[in-house]
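Q: Hi! Could you walk me through this one before I set up my own calculations?
A: Happy to; here it is.

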Amino acid sequence: ACSTSPEPSPAGDGDGSTAGSDETFTIGIVEQQLANPFFAKLQEAAVAQAKKQGLEIMTAESKVAGDTESQVKAIENMIARGVKGIVLDPASATALVDVVEQATAAGILVVTVNTSLDPLDTAAASFETDNFEGGRLMGQWAKASLGDAEARVAMLDYDLADKTAAARHDGFLDGFGITDDSPEIAGTALTESNFETGQTAMENLLSAHRDINVLYTINEPAAQGAFAAISGAGVEDQVLVTSIDGSCAGVRSVKDGTIGATVMQFPTRMGEMAVDAIVEFVASGTRPEGLINSGTVLITDEPVDGIDSETSEWGLKNCWGE
Amino acid sequence: MSETTPLVLTGRGLDKRYGHVLAMDGADFELAAGEILAVVGDNGAGKSTLIKSLTGAVVPDAGTIVLDGEEVRFRSPLDARRAGIETVYQELAVAPALDVTQNLYLGREHRMPGVMGTVLRRLDKKRMRQEAADHMADLGIRIQSVRQAVENLSGGQRQAVAVARAAAWGRRVVVMDEPTAALGVRETNQVLDLIQRVRDQGLPVVLISHNIPNVFQVADRIHIHRLGRRAALVRPGTTSMSEVVAVMTGATEASELESAVTDPVLTAAAATAPDAPPTWKDRSA
Amino acid sequence: MSETTPLVLTGRGLDKRYGHVLAMDGADFELAAGEILAVVGDNGAGKSTLIKSLTGAVVPDAGTIVLDGEEVRFRSPLDARRAGIETVYQELAVAPALDVTQNLYLGREHRMPGVMGTVLRRLDKKRMRQEAADHMADLGIRIQSVRQAVENLSGGQRQAVAVARAAAWGRRVVVMDEPTAALGVRETNQVLDLIQRVRDQGLPVVLISHNIPNVFQVADRIHIHRLGRRAALVRPGTTSMSEVVAVMTGATEASELESAVTDPVLTAAAATAPDAPPTWKDRSA
Amino acid sequence: MSRQLAGPLAALAVAVVAFSLTTDTFLNPANVSLVLQQSVVIGTLALGQTLIILTAGIDLSAGAIMVLGTVLIARLAGEGNVLVAVLIGFLGCALMGAVNGLVVARWNLPPFIVTLGTLTVIAAATRLYTSSASYPVTSDVLRLLGSGPVVGGAKITYGTMLWLLLALALGYALTQTAWGTRVYAVGDSPHAARLTGIKVSRVLFSVYLVAGLIYAVAALAALGRTPIGDPSGYQTANLDTITAVVIGGTSLFGGRGGVAGTVVGALIVSVLQNGLTQAGIDSLYQQVAVGVLVIAAVGFDQLVRRRNKS
Amino acid sequence: MSRQLAGPLAALAVAVVAFSLTTDTFLNPANVSLVLQQSVVIGTLALGQTLIILTAGIDLSAGAIMVLGTVLIARLAGEGNVLVAVLIGFLGCALMGAVNGLVVARWNLPPFIVTLGTLTVIAAATRLYTSSASYPVTSDVLRLLGSGPVVGGAKITYGTMLWLLLALALGYALTQTAWGTRVYAVGDSPHAARLTGIKVSRVLFSVYLVAGLIYAVAALAALGRTPIGDPSGYQTANLDTITAVVIGGTSLFGGRGGVAGTVVGALIVSVLQNGLTQAGIDSLYQQVAVGVLVIAAVGFDQLVRRRNKS
Ligand SMILES: Nc1ncnc2c1ncn2[C@@H]1O[C@H](COP(=O)(O)OP(=O)(O)OP(=O)(O)O)[C@@H](O)[C@H]1O
Ligand SMILES: Nc1ncnc2c1ncn2[C@@H]1O[C@H](COP(=O)(O)OP(=O)(O)OP(=O)(O)O)[C@@H](O)[C@H]1O
Ligand SMILES: [Mg+2]
Ligand SMILES: [Mg+2]
């Protein structure tokens, strides 16, 4: 479903073509809950870029995961305030459609980041990771690494009503060549995409199915938590851990072998591209369009044939966050 | 009272156990039509438990209750109230945050006449306030306003609210568990008068009180409760205050008193006229 | 009582307004050393409000309170208690879910002797239970166990808990707001005896009661409260029950009675011996 | 009643004045109308919550019931008749309220636990029903509550009107009918209420049932405002409604308070959120500010009450 | 006390037996030890929550305070001395507890609103301090509570022991000291407590302060178990602790209950979660099952109580 797939480049050097207009204006940045480091990074990048461009900024965020009401109110307030553009990381693909249409009708350019709205063309453009592709890469790598051994798959999901979570889940199954009903799946559990819930969920799954040897995780904190459970159970050598995010902490986990492979996303690029698109639109009236893939790169120190990947060395140079 | 006054409310062999406390232990009870029956007894004798069993607030473990010849089984105070029994509980049972009028009319509110009342179910607050003020005045209780929250009333005023409610609504039996405990001299006399008026209207009244002179002043018969059961049922005309107190406290045996228990075929034992003056007569007021 | 008994607790010109209700309206109060002072008055006269002002439970809007010659300003019951004033409030102030012992010792628990007590701060429950049982027995109240939760007690038993607590802890003044309202005949007499014993130990007692005979039986002086202020302060020896009741209810003017108010230089007016027998003497027990 | 309102009203006034002075957009008619619109859903839900809190209960499932309602209505309206969809939505919400009421009233279980349980059950049921998908609303009828006449630049939505009307009606029921007195009596002292012959369990049941119906109205208002049935929406609605109720001066221990305060409470929360955004406060500090200001509003209320008392 | 425990204990027993029969892994020593380990953090937090609920309060900030503690300790330990880090963590948690206590006790504001406010403030402060990053724990000292002797295949962690010891100590303080009696008295009837001369506000303050310290212990236990200071962790901790407390038979209206019930309540929640996973229940249905079973546990408790009474 992605239109372009640019070669990812080291993040953080959007070329900063300051808008021609000398008049400063306000943009809104609406994120999901910033306690999540990925969203925090994305917002930080967007804010930094907006400051660099000399813009006034209004920010808002969800209170908890899936909290669309806060985002709707924030966008309404931004419309009332008269912003020129909004960078939105929607907490729901559908619930924000109406308010985004209102904003667009008010002449505001809305671009989404991280995940898009449904229908896609509700927002002018979307800068995001192809999460299905990310999941597919994890699945392919796990399948290839496992070789002939009988697969016992565990999946640590996040609420599958979430578009991103569903895309990664489905991508993984696709890449691994199984479906939700396949006997290879030993068990699935819901997490809050953090360490603690990842650990508890994995502890319980391992306690019921000691033979688990492939693990899908919704993100790196969940993977790290799961690894705590895995090492607690003493089965470090048995389980292939796959994840997605590309945070520096996650890449370090790849380097020290806790995570077998992770898929890197580029939140900084998303944020910068989105802000630049708004600046460009205000300056020249050029509307960005469509789904703009910010890229996915598989990071692993145990590459397999036929799947492009980069090493943790490369990852550490290109990762985001701490 | 005639020789064969029918019994209105009777209890036979009532038991109630709380953990290892036996609060009622085979208690009997009988209330005849049109009489004021006083229930006296030491603290903890089980008077309130008995009264609660008769009015649905407590479900006895054993025993039977008969109202107007029919056995009844009250599972809640509402059941008793529906049967026409109105009660002042010792713990008063008022809603502290509601005002005096609301407490008086709780569960029996007047609605406005006409469409406002039938369709919109609007309360006739004005009428209720007016009537509430009258009821309170009847008891001689001075309160600033019937719109005052009950929690802001003095102890006696609060008790008067509960008494006024029971007096206003009783249809078959009125039961009062220490209704004058917090009342002043004048107010107490007013409540005693009220009780007599209620009786004179034909409604039997059960009065629990620790005030023996008061009891002798108004009661037709006295039920002496001791250790969870009825120790004796006597008439103030044939028994003296000190005899009653002696039985209450266990100093004498009940068998020494002349009993006023009605025999099973519902004929009252030969009764001295209840209007014989009580032995004590110094109600200073 | 000597001619110049010092005053222990006095109030002058106390006011308290609740919204538009004037509960105290320039009330005066005086309690002399070693006396039993009864406070009587109609329901809603403002007796409890007065007592609460004197014991820190209510902060008066105006007026001064003097304890043993020093002006005090109690902002909470704790302040009054620290000053040695112990009170039985009309609303009883017991913690329903706690047991009898815990209520008796609330805020004054005994700790175990030795390290257990000083370091581990362990309560000496056994000792407290033993003593609690003794205290309750003193009042002649039968309760199954001092480990029973107060909410499971009968009305009179509950009141006895509050009375026993105040009697046990008072160091300078004991104040009791209707301590016998829920008590039986025997129990009431026991509490009256207790009050006299407390007085005989030198502690002055303030007794609020609606029971005029009881008041005349034990009080040294009677404070008659009416419409938020003291209408009169009299001695039972020089004033009759009916006179007191007449003043209480407003039937006569207070000026017709012989006053027992101490003059400002703290000398008591010539007093009739308080042990003159009360006019009423039919305490059946 | 009016005295009880003084505190919350004063807090609201202070907030409005403060934002009018510090931002130039807050008092715009359009923005004022926005604040009202933003109060409607939580405000309506909070009416039901008020009822339950007046009986010394608490409803953690309020938001979940409303979300179930939006999903039912949105999906069924998409598949067929709008009226039937609305009817079924109301039935669904009423049923859930009735279940809460039944368990609380009959088995006498703590409302906190009961509604926590039904919250998870209802949320899961909603997920199962929708397979976690959202249902956009297409019908104009369902969008009605989000529309309304524009007066002087301010859109007065029918949803806002309905909210305030419902508050009036509920205020009437609570203060002018016997049922209302019983609700207060039950919350004030269930023991006393029972002894005076009130059917406590029936009153409780009716309260949860009515609350369920009010949540259905909230569901309609939500669809008018955000035209989509989204199973993952309104996660924080419960806490928000309880906040509005408590700021409005209703006691969590039951028996004291009323719907007028709740309306003001809901407005206070919206004004704070909107005003702080208008003032360009960073989202992080916004949450802090809302937290602190909510405490301040309740503290202010206490202060005003104490003043009024003496 | 033992009678009050009968209900929760019976519910726990039923759950354990049911899972033992339906799964073959539940009773494995390793799994039993796991259930214990999984109870420790919520269980420890719930001890503090119990204290507060006993005074008729509620603490919505419990989880946030603990998370602040984990983050403080993890970050400072990484940068310097572990002991200093722990000390500062305890100080931080105690301070937050004290702030709650001060506002609740002094200004007499509803704990629900106060702790809701401090929750947002503390969560925001935590994020500011960490910039939303997590701090892995490297020190073995900090991991101590997650380790422990293995007995017959079951690891008995020091964290588990500490939890149970703390529960014992708190049970001692509540039942054997004057302070405990006052806590119950204040929760039972603040008015009566005040009239008997108890310094209600001081007792309240002490309770929130002690709770803060207990949350610090929970923070240590959390680091021992999940060796990372993570600002996004333990989001549902508040609801979980309140659930454990209420299932354990402590009344939300104060004055009744105790820590022994809370320990059992925390175990019930863990057993349900673990057991349902062992039984291979789908996660959505797991939520439904937990909701229903929590209600059932409380209902069962009521039943047992009624039996015991008559
Ligand atoms: N709910 C209860 N749980 C346990 N014991 C109870 C309960 N209610 C009453 N009791 C006990 O039952 C006995 C009788 O109590 P009851 O209230 O009937 O006495 P009473 O005669 O009304 O006394 P009083 O004159 O003091 O009001 C008392 O010993 C009391 O402690
Ligand atoms: N908190 C309050 N708010 C409003 N009014 C009050 C409050 N407390 C007392 N009052 C009013 O003050 C007056 C005096 O009350 P108080 O309790 O002092 O009377 P009392 O003499 O003790 O009466 P009783 O003999 O009935 O106990 C009453 O009219 C009462 O309604
Ligand atoms: Mg009684
Ligand atoms: Mg009084």
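**Ligand site and backbone details**

A: Ligand 1 lies between chains B and C. This is a predicted model, where local features need pLDDT of at least 70, side-chain atom pairs count only at pLDDT 80 or more, and totals for chains, interfaces and linings use all residues. Residues are numbered from 1 along each chain as its sequence is written, chains are lettered from A and ligands numbered from 1 in the order in which they are written, and side-chain values use heavy atoms, with hydrogens and water left out.

Q: How many residues surround ligand 1, and which are the closest?
A: There are 22 around ligand 1, and the closest are Lys47(B), Ser48(B), Thr49(B), Ser154(C) and Gly156(C). A residue is near a molecule if one of its heavy atoms lies within 4 Å of it.

Q: What does the shell divide into?
A: Five nonpolar, 14 polar and three charged residues. Here Ala, Val, Leu, Ile, Met, Phe, Trp, Tyr, Cys and Pro count as nonpolar, Asp, Glu, Lys and Arg as charged, and the others, Gly among them, as polar.

Q: Which polar backbone atom is 2.7 Å from an oxygen atom of ligand 1?
A: One of Gly156(C). A polar contact is a pair of N or O atoms within 3.5 Å. A nitrogen atom of ligand 1 also lies 3.1 Å from a backbone N or O atom of Asn152(C).

Q: How much of ligand 1 does the protein cover?
A: It covers 90% of the 640 Å² of accessible area that ligand 1 has on its own, by the Shrake-Rupley method with a 1.4 Å probe.

Q: New topic: what joins Asp118(A) and Pro119(A)?
A: A cis peptide bond, with omega about 5°. Pro119(A) sits in the loop between strand E4 (109-113) and strand E5 (125-128) of chain A. Helices (H or I, at least four residues) and strands (E, at least two) are DSSP runs, numbered from the N terminus.

Q: And what is phi of Asn108(D) near?
A: Near 60°, a positive value in a residue other than glycine. Asn108(D) is in the loop between helix H4 (82-106) and helix H5 (111-130) of chain D.

Q: Why does Asn108(D) count as partly exposed?
A: Because its relative accessibility is 48%; buried means under 20% relative accessible area, exposed over 50%, and partly exposed in between (1.4 Å probe, protein chains only).

Q: What are the scores of the model?
A: The model has ipTM 0.89 and pTM 0.90.

Notes:
Polar contact = N/O pair within 3.5 Å; in protein donor to acceptor, adjacent residues only side chain to side chain.
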